[in-house]
Amino acid sequence: MAITMLDKPLGDLRREIADLRQLNISHDYDINKLGTIITVSKNSLRETENYQQQLLQQLQQFEVSLADINQILRANMKQKAQLEQQQEQESDTDIELHAKLMALNAEALECRAAAVQLQQQAKMALIKAAEIEKRANDELAQQAREMKLKQQEIERDRAAELERRVRLEEERQRLNELQQQQKERLLATTKIQQQEQDEYANWKERDFMNNDQYPQCIFRLAPDTLSMPIDVIFLKVSETENLLDNQEELISTPLEVKFDSTAYQQQTILISIPYIIKRSTHRENIIKIRQSNGIWMPTDTKESIFDAYKEKRFVECKLNQSVSCAVVSRLKRDTILINKQSSGRFLSDADHRLTIQWPKNVCSTDFHINLRVLPVDLPTFTQFSKNFSNECQGLLAVGPIIELHYDDITLLKPIQFTLPILVQTKKKVKSTKPTTVESQASQQTTTNQPSQQEIILQQQQAIFKSLLGEDLSNERLVLLYSSHNENIWHIDKNVNLIDSKSHDIITTNMQYLHSRMIIARYDKQFISTKQLQTTINLLEQSLNQRTVSLILRRRLSNPNEICFVCCSNQRINTIDNDLEQENFIDNEQQSKELTLQEGQLLQLRFRGNVLPIEYNQQSYPFAFNTYFPFYFQTNVYEIDKYSQHLSSFYYGFVQIFTKGKISKPITKDLEKKKQQLDIVKQDWYETDICIAELVIRLPKPREGIRVPTPKTSTTFTSEGILTPILFHEISASLYDDEWRRLARRLGMTRIRIEAIEHEYQDEAPYYMLLTWFKRAPRSVDKDLLLIHGLMNINRWDIAQELQSMKEAKSQEQITSSKDDQLRILSVPFNRICQHDECVRMWKLIARELTLTNEDIQRIEEQYSSKQEQCLRSLEQWALNNSQADIKSLSRIIRSLGFKSLSPAFINNILLYISTSSSIPILHIIRFLIVMAAFAWTMYASTRFLGQIQHPNRRMLVLYPIFLFYFLITWLIILRAHPK
């Protein structure tokens, strides 16, 4: 009946929950309906519980009645026992009555069991109802949270849309302001050009564009000075020193202009120089003029166009005297005038995202700010991160380097800067691990995933940090600054950086201006602030450097003609095509990469057996420029045709030198004086430094090639882990010039390295190792020397493999020494195990031999025989104790009272050592005894026969006696010891 009462409310509740799972909850869902169903279910459960309580009371009353019936039955049974003899005739009636009572008792028990089962079902129903209610509440809460999240997402989308519209409006205003500034500048430029055109409109042109003997340029002169003599020549490379500053590039041929205007009234001429077109928004083209003191200074320059050369671009400037000039490309410089009486805003032409906004009365006087932007684009930053992966670990993005030149003033109010920054996806930073050997790498297992408890703990910590207001993200934004003459970057902790929604613009207010500054975004988990400062300094240096390729080719039709090219990596494909068209194709071409400064002065030199024709040890100066590759083409010849007779080539070298400073060596006396005066300064002096060297291979004629003599086979005695097979494997694993660097680390001279290379060629690495192995002293650890040499050339994988091989070898030697020790002690151990008293007291002997109780118990469990247990305990002592020997064992046995075994041990020592040891101790003892007997016999014979013989005949008599006793002594020494 109780289950029947619950069927309807529980069915309604199940149907309602099924509808909730299948359908999404809408905003107008009637939650009261579900609450009413749950309330009805609870009331039904309470009624069922009351009914069960009433039923239990009735069952208790029924049990009381059954107890009374049982008492009556016991009384009847007693009466029946008393009257059994008298009422034998009425026995059948009593049996039937007893059966009926038993049936009633069974029915009562069944009713009680049914009541207990109903009570259990009621409890289960209550538990299920509670679970259904909890599940319904959880689902309602989940739906409410989802609705709240959807509402928050809608609000965020609205806010983002509103911010996007605001940014679009700001961008429109910024573009309008920029267009207005460009219009004003264009009007000002047009006015200046109109004025200059009016002034120089009637001037005539003198063209130097079509004559290869002169640098290309165009002069404009007054009509009455057309006959003025003008001389234009190419400028020497040595005079271009200090032409380029940081981030400047040469885009024209440097030239020198000579003219004399003393005979003419006109003191000024105009020169227009063509330049290489490079489209860039952050650069400008100017003409630099060399002063009398050798310093290059920029002059007023403007763009000019000539109808005869529309495909070219020119820059024009005024010349008042004979000078040297060149066109360079530099970073664009913006001048900002800040008026104290009005507010304003500036937009940079180099990057439109860079803005400066100042309020009214920002300072006490008007001042100027010269702005220059050194951009850092995404490809440059990506290449920098790849080249310096360890230093850039954790650096996510940077902005351009901004340089400010301003007056020495004090700001009364902060100036707002909007600074751009790169937008880059987060890098997955991996922890660096040393490379391992391939055999070991295959055995490594993957790291275990974090357990469920660790994940829950991390989530709890994150929630706790969020409640405390801590930032969960590891990303940080910093502003770094430095002065113009300083190479150290500092972090400005007094500014507040505000990141935009798109993460490409940073806004900050600055009360104090910096000469140079840059924005950086980094991950604090992988890089510290000190490492970040070093990385930014490294980034600035890499922006000022260029990657250069040196190429050396031979002409295919004339092997004696070579061509050397120094060019930027950006033009390497074009240079290759030009060389192939000129038939400079070489299967063994030489090339090398360098890192140089723009405009760096270099020198080309030659050495070796192959030199250019008419070469007098002079050097060929040239300068590196990105847009002007350096070509040097010449014919070479061999100096000594009889040298390098084992090779099919004559060898020479092309060297590249540059100026550099090195430390000056200090003599001992001077060093002592400096130590006394506590002088820490180090002397430096400037000299020529060789930064690259390329090999010239000049083929020999066939009749000049000498057939090399066959090499004799070399013998090799292995030592430690070093074997010929190992040397072959190491030489095959070395790449490029690693074997030369390894040879230098192993102490070999450069002359010997070159001799090995010329003699063995492809097998030079193997024979280098073989030569080092034979010449190394026996007293040094050759394994350790080779491992350290490999570590010095950064071949940690091979060094680690050799170290593991060395450890395995030493472990194998330890194991073999223990086996030899057991083999030596096996005979005394067997003698002890043959002694019954020793076998019976083996535990006492084991404890005396310092064996632990665990070892004794383990031996006792593994072996059942006492003799075997005694033997294993002795062997365990020999393995545990490295100083175990027969002498110590004999001393222990004698201390335990087994004196009868001690003489046997001495005999076994002499017997076993004489047969198994490498040193024949018994033979030595026998030799000493026999030699003593021989000496005694000779002494006795000399004393006896010497007195009866003439002194002149004494040696003649003793000679046969000496031979007789010596032969007997020799036979005794050579006699084999009986087994």
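Student: Why does R165 count as exposed?

Tutor: R165 has a relative accessibility of 53%, and exposed means over 50%, buried under 20%, and partly exposed in between (1.4 Å probe, protein chains only), so R165 counts as exposed. Please keep in mind that this is a predicted model, in which local features need pLDDT of at least 70 and side-chain atom pairs count only at pLDDT 80 or more, while totals for chains, interfaces and linings use all residues. Residues are numbered from 1 along each chain as its sequence is written, and side-chain values use heavy atoms, with hydrogens and water left out.

Student: What makes E161 and R165 a salt bridge?

Tutor: A salt bridge is a side-chain nitrogen of Lys or Arg within 4 Å of a carboxyl oxygen of Asp or Glu, and the closest N and O atoms of E161 and R165 are 3.4 Å apart, so this pair meets the definition. Both residues lie in helix α3, four residues apart, about one turn of the helix, where helices (H or I, at least four residues) and strands (E, at least two) are DSSP runs, numbered from the N terminus. E161 has a relative accessible area of 29%, which makes E161 partly exposed.

Student: How do you know that the salt bridge of E63 and R112 ties together parts that are apart in sequence?

Tutor: The side chains of E63 and R112 meet in a salt bridge, with an N to O distance of 3.1 Å. E63 lies in helix α2 (residues 31-82) and R112 in helix α3 (residues 91-200), so the pair ties together parts that are 49 residues apart in sequence. With relative accessible areas of 31% for E63 and 46% for R112, E63 is partly exposed, and R112 is partly exposed.

Student: What do K806 and D781 tie together?

Tutor: Their side chains meet in a salt bridge at 2.8 Å, N to O. Because K806 lies in helix α15 (residues 796-833) and D781 in the loop between α13 (764-775) and α14 (782-792), the pair ties together parts that are 25 residues apart in sequence. K806, at 22% relative accessibility, counts as partly exposed, and D781 is partly exposed with a relative accessible area of 37%. Salt bridges that share partners also join R220, K302 and E316 into one network, and a search of the whole structure finds 25 salt bridges.

Student: Why does T418 count as buried?

Tutor: T418 has 12% relative accessibility, and therefore counts as buried. Its place is in strand β18 (residues 415-420), where the side chains of T418 and T355 are joined by a polar contact of 3.0 Å. A polar contact is a pair of N or O atoms within 3.5 Å; within protein, one must be able to donate a hydrogen and the other to accept it, and residues adjacent in sequence count only if both atoms are side-chain atoms.

Student: How do you know that V328 is buried, and what does V328 touch?

Tutor: V328, in strand β11 (residues 323-331), has 0% relative accessibility and therefore counts as buried. Not counting residues up to four places away in sequence, V328 touches residues including L243, E249, I251 and I286, where contact means heavy atoms within 4.5 Å. V328 and E249 are 79 residues apart in sequence and 5.4 Å apart in space, C-alpha to C-alpha.

Student: Why is M517 called buried?

Tutor: M517 lies in strand β23 (residues 516-523), and its relative accessible area is 1%, so M517 is buried. Among the residues that M517 touches, leaving out those up to four places away in sequence, are P400, F417, L480 and W489.

Student: Which residues touch the most other members of the largest nonpolar core?

Tutor: A nonpolar core is a set of buried Ala, Val, Leu, Ile, Met, Phe, Trp, Tyr and Cys residues joined through side-chain atoms within 4.5 Å. In the largest one, of 51 residues, V398, F417, L480 and L532 touch the most other members. Apart from this core lies another, of 29 residues, among them L722, L742, W772 and L802.

Student: How many disulfides does the structure hold?

Tutor: The structure holds zero disulfides, a disulfide being a pair of cysteine sulfur atoms within 2.5 Å. C363 counts as buried at 5% relative accessibility, and C392 counts as buried at 2%.
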